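I opened the model today and kept notes as I went. Each entry records what I looked up and what I found.

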Amino acid sequence: MAFKLKISVPFIYLIVLVLATGSNGGGISIYWGQNGNEGTLADTCATGNYEYVNIAFLATFGNGQTPMINLAGHCDPYSNGCTGLSSDIKSCQAKGVKVILSIGGGAGSYSLASSDDARQVATYLWNNFLGGTSSSRPLGPAILDGIDFDIEGGTGEYWDDLAKYLSGYSLFDYVWVQFYNNPPCQYSSADIANLEDAWKQWTSDIPATNIFLGLPAAPDAAGSGFIPVNDLTSKVLPAIKNSSKYGGVMLWSKYYDDQSGYSSPIKSHV
C-alpha cells in the first residue's frame with residue numbers, strides 16, 4: 001500500500017499500522033499508559049467503551065539508542081516488569097479490542113538517522129511487539145495488533161520509511177487526526193465550519209483506510225479543542241460520519257476519560 005507520512009503542524013496526525021485482520025469501523029480509540037491512576041489495561045478493555053487501546057509509549061528508540069518503553073509507573077521496564085501485561089493484552093484481544101503500541105510521545109528520546117535506521121527499528125518492532133520472535137519481548141509473548149506513530153519531537157525525516165518498512169509486514173493504516181491544540185481545524189464556540197472543512201481535506205488528501213476524529217476526553221486534557229458531548233453527538237458526528245473513510249473517535253486519554261466519563265454517552269453515536 002502507498003501512503004505518505006507527514007510530521008508537521010498546524011495539522012497533526014498520527015498514522016496507525018494495524019495487522020490486517022479486519023477493520024472495526026465506528027469505534028472509539030483511547031490512549032493508556034501515561035498515568036498510574038487510570039486503572040489496568042485489562043480494566044480499560046473491560047469497560048466495553050473502546051475498540052482500540054494504544055499502549056503509550058515506546059519513548060526511546062532509533063539513532064543507535066536502546067529501545068525503552070515508558071508506561072508512567074504501571075510497570076518497570078528496566079527489570080522486565082512489563083512482561084506481565086501480556087495477560088492483559090490477551091484479555092483485551094479476547095474481547096475484540098485491538099491493542100496497539102504507540103511510539104514516540106511528547107517527551108521521548110527518538111529519531112531516525114537514515115532509511116537503514118528506519119528499517120532496523122521496523123525489524124525491532126516486528127520481532128519484539130508484533131508477529132516476529134525475540135527472547136526479550138518487553139510486553140511478553142502477546143502479539144500486539146499494530147503500531148501507532150505519535151511523533152511530536154525530533155526531526156520529520158525517515159518516518160515515511162519506517163511506515164513503509166512496517167507495511168511490508170502486511171499491515172494497513174488508520175489515521176488519527178488531532179483536532180485539538182490545532183486552532184485552524186478544531187471546533188470552537190459551536191462553530192463547526194473549520195472542523196468540517198479540515199475533515200473534508202483529510203479524507204480527500206490522505207490515502208488511509210479509516211480516519212479518526214482525535215479529541216481530548218475532558219476540557220483539561222488539552223489546551224483547546226474540547227467538544228461538549230451534546231455538540232459532538234448532535235452537530236459534529238452527523239456532519240462527518242457519512243464519509244467513506246470515517247473510522248471513529250480517538251480520545252486522549254484513559255485517565256481523563258475516567259474523570260469525565262466522556263466515552264460512555266458518545267459511544268452509541270460513534
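Entry 1: I started in the loop between β3 and β4, where N63 lies. The model is predicted, so I am reading computed values only. Phi of N63 is near 55°, which is positive although the residue is not a glycine. Most residues other than glycine have a negative phi. I then looked at the rest of the hairpin of β3 and β4. There are 6 residues between its strands, and G62 takes a positive phi near 80°.

**Entry 2: the partners of β3.** Next I followed strand β3, residues 52-61. How many of its residues are buried? I noted 10 of 10. Then I listed the strands that pair with β3.

- β2 runs parallel to β3, over 4 bridges. S29 stands opposite Y52 here.
- β5 (residues 98-105) is also parallel to β3, over 6 bridges. Y52 faces K98 in this pairing.
- β4 (residues 68-69) is antiparallel to β3, with 2 bridges. T60 stands opposite M68.
- β6 (residues 109-110) pairs with β3 in the parallel sense over 2 bridges. The bridge partner of T60 in β6 is S109.

**Entry 3: S29.** I went back to S29, which sits in strand β2 (residues 27-32). Is S29 buried or exposed? Its relative accessibility is 0%, so S29 counts as buried. I looked for a polar partner of its side chain. The side chain of N54 makes a polar contact with the side chain of S29, at 3.2 Å. Leaving aside neighbours within four places in sequence, I found S29 in contact with Y52, N54, W176, V249, M250 and L251.

**Entry 4: cis peptide bonds.** Most peptide bonds are trans. I looked up two cis ones. The bond from A56 to F57 is cis, with omega near 5°. F57 is in strand β3. W252 and S253 are also joined by a cis bond, with omega about -10°. S253 lies in the loop between β10 (246-252) and α7 (254-260). I then took the distance from S253 to G153. These two are 100 residues apart in sequence and 19 Å apart in space, C-alpha to C-alpha. G153 is in the loop between β7 (146-151) and α4 (159-167). With a relative accessible area of 24%, G153 is partly exposed.

**Entry 5: helix α2.** I turned to α2, residues 85-94. Which of its residues are buried? I listed L85, S86, D88, I89 and C92. They cover an arc of only 160° around the axis, so they are on the same side of α2. These buried residues pack against β2, α1 (41-46), β3 and β5. Just after α2, G96 has a positive phi of about 90°.

**Entry 6: helix α5.** I checked the length of α5, residues 193-205. At 1.5 Å a residue, its 13 residues should span 18 Å, and the end C-alpha atoms are 18 Å apart, which agrees. The buried residues of α5 are L195, A198, W199, W202 and T203. Their arc around the axis is only 130°, which puts them on the same side of α5. The face turned away from that side carries the exposed residues D197 and S204. I also looked at S189, in the loop between β8 (171-178) and α5. Phi of S189 is near 50°, positive in a residue other than glycine. Its relative accessible area is 73%, so S189 is exposed.

Entry 7: Last, I looked at the nonpolar residues. In soluble globular proteins, nonpolar side chains tend to be buried together. The largest nonpolar core has 72 residues, and I103, L125, L139, F149, L162 and F179 touch the most other members. Helix α3 (residues 115-129) gives this core its largest share, 7 residues. Apart from this core lies another, of 16 residues, including I100, Y174, F212 and M250. I finished with L162. Leaving aside neighbours within four places in sequence, L162 is in contact with I103, L112, A118, V121, A122 and F149.

Key: Residues are numbered from 1 along each chain as its sequence is written. This is a predicted model: local features need pLDDT of at least 70, side-chain atom pairs count only at pLDDT 80 or more; totals for chains, interfaces and linings use all residues. Side-chain values use heavy atoms; hydrogens and water are left out. A nonpolar core is a set of buried Ala, Val, Leu, Ile, Met, Phe, Trp, Tyr and Cys residues joined through side-chain atoms within 4.5 Å. Buried means under 20% relative accessible area, exposed over 50%, partly exposed in between (1.4 Å probe, protein chains only). Contact means heavy atoms within 4.5 Å. The expected span of a helix is 1.5 Å times one less than its number of residues. The arc is that of the directions from the helix axis to the C-beta atoms. A polar contact is a pair of N or O atoms within 3.5 Å; within protein, one must be able to donate a hydrogen and the other to accept it, and residues adjacent in sequence count only if both atoms are side-chain atoms. Two strands pair if DSSP finds at least two bridges between them.
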